[in-house]
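Dear colleague,

Here is the structure I promised to pass on, and below it I have set out what I found when going through it. Please read the notes with the structure open beside them.

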Amino acid sequence: MERLNINVSATDYKKTSDELRSELSLLEKSVHGKNDFVITDYEFAFGWYFYVISINLELIKKLSQQLGKEHDDLKGKNLEKKFLTLLTDKMKKKKLKIKLAIKEEMESTKFGIF
């Protein structure tokens, strides 16, 4: 099973992980998925909580088909980046101090956490 791993940096683990869990559960229900994501435990450093969300790519593919044009209009060059944009936009509306990034891209960059 292919997965998209998203690094999360947040100042409040409980609040952000609860909001992410809630949002991902709604997306999962909308495409009739089940157990399609996992949120890991956190590490705390420099006043931030760092953790990972691992999402089944099938959920993301189904969601993109369901959203149609709305998905096509999202910023991003591929399926994963468009999903990251969607999730980031949903979290911004909740006024959380949070940063999301695709894990594999962060590991291949020299710029670090942010």
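Predicted model: local features only at pLDDT ≥ 70, side-chain atom pairs only at ≥ 80, totals over all residues.

As general background, nonpolar side chains tend to be buried together in soluble globular proteins.

**The strands around strand 1**

Strand 1, residues 3–10, pairs in the antiparallel sense with strand 4, residues 48–56, over 8 bridges, and it also pairs in the antiparallel sense with strand 5 over 5 bridges. On the strand 4 side, Arg3 has Asn56 as its bridge partner. On the strand 5 side, Ile6 stands opposite Ile102, while Ala10 has Ile98 as its bridge partner. Both of these strands are mostly covered, with 7 of the 8 residues of strand 1 buried and 4 of the 5 residues of strand 5, which runs over residues 98–102, buried as well.

**Helix 2 and its ends**

Asn56, the bridge partner of Arg3, also caps the N-terminal end of helix 2, where a side-chain oxygen of Asn56 lies 2.9 Å from the backbone nitrogen of Glu58. Helix 2 itself covers residues 57–67, and its buried residues are Leu57, Leu59, Ile60, Leu63 and Ser64. Seen down the helix axis, these buried residues fall within an arc of 155°, and they therefore line one face of helix 2. What covers them includes strand 1, helix 1, strand 4, helix 3 (69–72) and helix 4 (79–92). Just after helix 2 comes Gly68, which takes a positive phi of about 60°.

His32 is not a glycine, yet its phi is positive, at about 60°; His32 sits in the loop between helix 1 (13–30) and strand 2 (37–39). Phe46, likewise a residue other than glycine, has a positive phi near 55°, and Phe46 is placed in the loop between strand 3 (43–45) and strand 4.

Are these two residues buried or exposed? His32 counts as exposed because its relative accessibility is 72%, and Phe46 is exposed too, with a relative accessible area of 77%.

Thr85, by contrast, lies in helix 4 and is buried, because its relative accessible area of 18% falls under the 20% cut-off for a buried residue. Not counting residues up to four places away in sequence, Thr85 touches Leu74 and Lys75.

With best wishes

Key
Residues numbered from 1 in each chain as written. Heavy atoms only, no water. Buried < 20%, exposed > 50% of the residue type's maximum accessible area, 1.4 Å probe, protein only. Helix = DSSP H or I, 4+ residues; strand = E, 2+ residues; numbered from the N terminus. Pairing = 2+ DSSP bridges. Arc of directions from axis to C-beta. Contact = heavy atoms within 4.5 Å. Polar contact = N/O pair within 3.5 Å; in protein donor to acceptor, adjacent residues only side chain to side chain.
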